[in-house]
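Subject: Structure handover

Hi,

Here is the structure for you to open. My notes follow below it.

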Amino acid sequence: MDNELALRLFVRVVEENSFSRAGARMGVPQSSASRMISRLEERLGARLLQRSTRNLTLTEAGQIYFERASRIVTELDQAAEAVRDVNAAPKGLLRVAAPASFGRQFIAPALKEFHDLYPDITIGLSLSDIIEDVIGLGFDVAIRLGELQDSGLIASRLTGSTSILCASSAYLHAHEDLKAVEDLALHNSLQFRTNPGSNTWRFMKDDVEHSIQVSGSMYANDGDALLSAALTGLGVCFLPEWMVRTHLDDGSLVRVLPGFEPKMTITPIQAVVGYRQFIPAKQRVFVEFLRGHLSKMSWAKS
């Protein structure tokens, strides 16, 4: 008896709750399907199914065997797909989800280079800061900033970024000196939040934590809005380096308290590719390309 065929047939019978439907799906006559499962039970020395005229019920042994057999069938399918994938050129539609600002700054500008390398892949780019079940919604790759809440997802680290405390030169010239974390209490702090209140900003210096509850004339749930306000001189912002690096380089923003590092030193930037162990070629090459592209950024942290 073909062990793989019997294994697949058993899984299909349970899923369909029918020998006839399972046999039809696999091209095996109902009588042959029933005999194959009986022989499987004989070989295992255990009854897997309780049969009646109208229903099939898994025994305790059958439930255990089904759970493991299902995983084996999935692994076999993925292994076969992986082998086929080795010689197949990456192609097809690749749906990518990313945070809005990050996607505009670092993903969209890289797509011309990616297209030159893989002209048979079409990119569908969706930019949103709303955290959703992107894999469940049909996206192939989702870019996520920070640690993942769902540890069952398969994520590949691309790079990392720290956060920077900064303000415009005009703001710093017009306000009290900022020499210590405690001085922030006297300054207008632009806060990332969704509701009124205050934020606690935490920093480290010489292995000592310094924290301060900040307040100010503006809060927003959008980093770009806070950045725009900081550039006009409204206040001090505490934003990811990837967002402010170009402004620090051109002098439109100045780093504040450079001797104090954020307590969370590096925030990971990751590519989520779903729950499967096998990653199709179009997803794999995109993630590898993006990792290489982002590693060249001046703000990138390993």
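Start at helix H8 (residues 223-231). Asp 222 caps its N-terminal end, with a side-chain oxygen 3.1 Å from the backbone nitrogen of Asp 224. Polar contacts here are pairs of N or O atoms within 3.5 Å; within protein, one must be able to donate a hydrogen and the other to accept it, and residues adjacent in sequence count only if both atoms are side-chain atoms. Helices (H or I, at least four residues) and strands (E, at least two) are DSSP runs, numbered from the N terminus.

Some ground rules. This is a predicted model: local features need pLDDT of at least 70, side-chain atom pairs need pLDDT 80 or more, and totals for chains, interfaces and linings use all residues. Residues are numbered from 1 along each chain as its sequence is written, and side-chain values use heavy atoms, without hydrogens and water.

**Around H8**

Gly 223, Asp 224, Leu 226, Leu 227, Ala 229 and Ala 230 of H8 are buried (under 20% relative accessible area; exposed is over 50%, partly exposed in between; 1.4 Å probe, protein chains only). The buried residues of H8 pack against helices H5 (100-107) and H9 (241-250), and against strands S8 (189-192), S11 (219-220) and S12 (236-240). Just after H8, Gly 233 has a positive phi of about 95°.

**Strand S8**

S8 runs parallel to S12, joined by two bridges. Strands count as paired if DSSP finds at least two bridges between them. Leu 190 sits opposite Cys 237 in S12. S8 also pairs with S11 in the parallel sense, again over two bridges. There, Gln 191 has Tyr 219 as its bridge partner.

**Ser 168**

Ser 168 is in the loop between strand S7 (163-167) and helix H7 (169-174). Ser 168 is buried, at 4% relative accessible area. A polar atom of its side chain lies 3.1 Å from the backbone nitrogen of Tyr 171. Beyond residues up to four places away in sequence, Ser 168 touches Ala 230, Leu 231, Gly 233, Ser 252 and Leu 253. Contact means heavy atoms within 4.5 Å.

**Lining of the largest pocket**

H5, strand S5 (141-145), S8, strand S9 (199-205), H8, S12, H9 and strand S15 (267-272) each supply at least two lining residues. By class, the lining has 25 nonpolar, 13 polar and 10 charged residues. Nonpolar covers Ala, Val, Leu, Ile, Met, Phe, Trp, Tyr, Cys and Pro; charged covers Asp, Glu, Lys and Arg; the others, Gly among them, are polar. A pocket is an open set of points on a 1 Å grid over the protein atoms alone, where a 1.4 Å probe fits, with protein on both sides within 12 Å along at least five of seven lines; lining residues have an atom within 4 Å of a point.

Best wishes
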